[in-house]
Amino acid sequence: MFGLMVRFTCKDEATAEAFDQLVGETIEKIRENEPGTLVYASHRVDGQPLQRIFYELYRDRAAFDTHEEQEHTRRFLSAREELLSSVEVDWLTLQTGKGTAG
């Protein structure tokens, strides 16, 4: 299993709304086209209206690489740039958990 957590900070309320729209469109394509993407969840952060957190789990590194090559992912990565003031990525190594066995 391969995972990451990403914290996005939008520039303002208008860009946060546009980011949420972009995310919704992207996640729809991920659901339809990426069987190796096990979890791709977008979260709002209580008390931080401009922040969003993604939690992503992939079957393996190859599934993540496949995700990164998709047209909808490339579109998201390009379009998000004008909406964000910062992006922080934490790469995750599974230690233990429920529902994590292959």
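Visitor: Which residues of the largest nonpolar core touch the most other members?

Guide: In soluble globular proteins, nonpolar side chains tend to be buried together. A nonpolar core is a set of buried Ala, Val, Leu, Ile, Met, Phe, Trp, Tyr and Cys residues joined through side-chain atoms within 4.5 Å, where buried means under 20% relative accessible area with a 1.4 Å probe, protein chains only. Here the largest core has 19 residues, and Phe8, Phe19, Phe54, Tyr58 and Phe76 touch the most other members. Two or more residues come from each of E1, helix H1 (13-33), E3 and H2, and H1 gives the most, with 6 residues. Helices (H or I, at least four residues) and strands (E, at least two) are DSSP runs, numbered from the N terminus.

The model is predicted: local features need pLDDT of at least 70, side-chain atom pairs count only at pLDDT 80 or more, and totals for chains, interfaces and linings use all residues. Residues are numbered from 1 along each chain as its sequence is written, and side-chain values use heavy atoms, with hydrogens and water left out.

Visitor: Which residues does Tyr58 touch, not counting residues up to four places away in sequence?

Guide: A contact means heavy atoms within 4.5 Å. Tyr58 touches Met1, Phe2, Leu4, Gly36, Thr37, Leu38, Tyr40, Ala63, Phe64 and His67 on that count.

Visitor: What pattern does the protein follow along the sequence?

Guide: The order is β-α-β-β-α-α-β, with 3 helices and 4 strands. Among contacts between residues at least 6 apart in sequence, 71% join residues at least 24 apart.

Visitor: How many of the 102 residues, as a percentage, count as buried?

Guide: The buried share is 34%.

Definitions and conventions. Buried means under 20% relative accessible area, exposed over 50%, partly exposed in between (1.4 Å probe, protein chains only).
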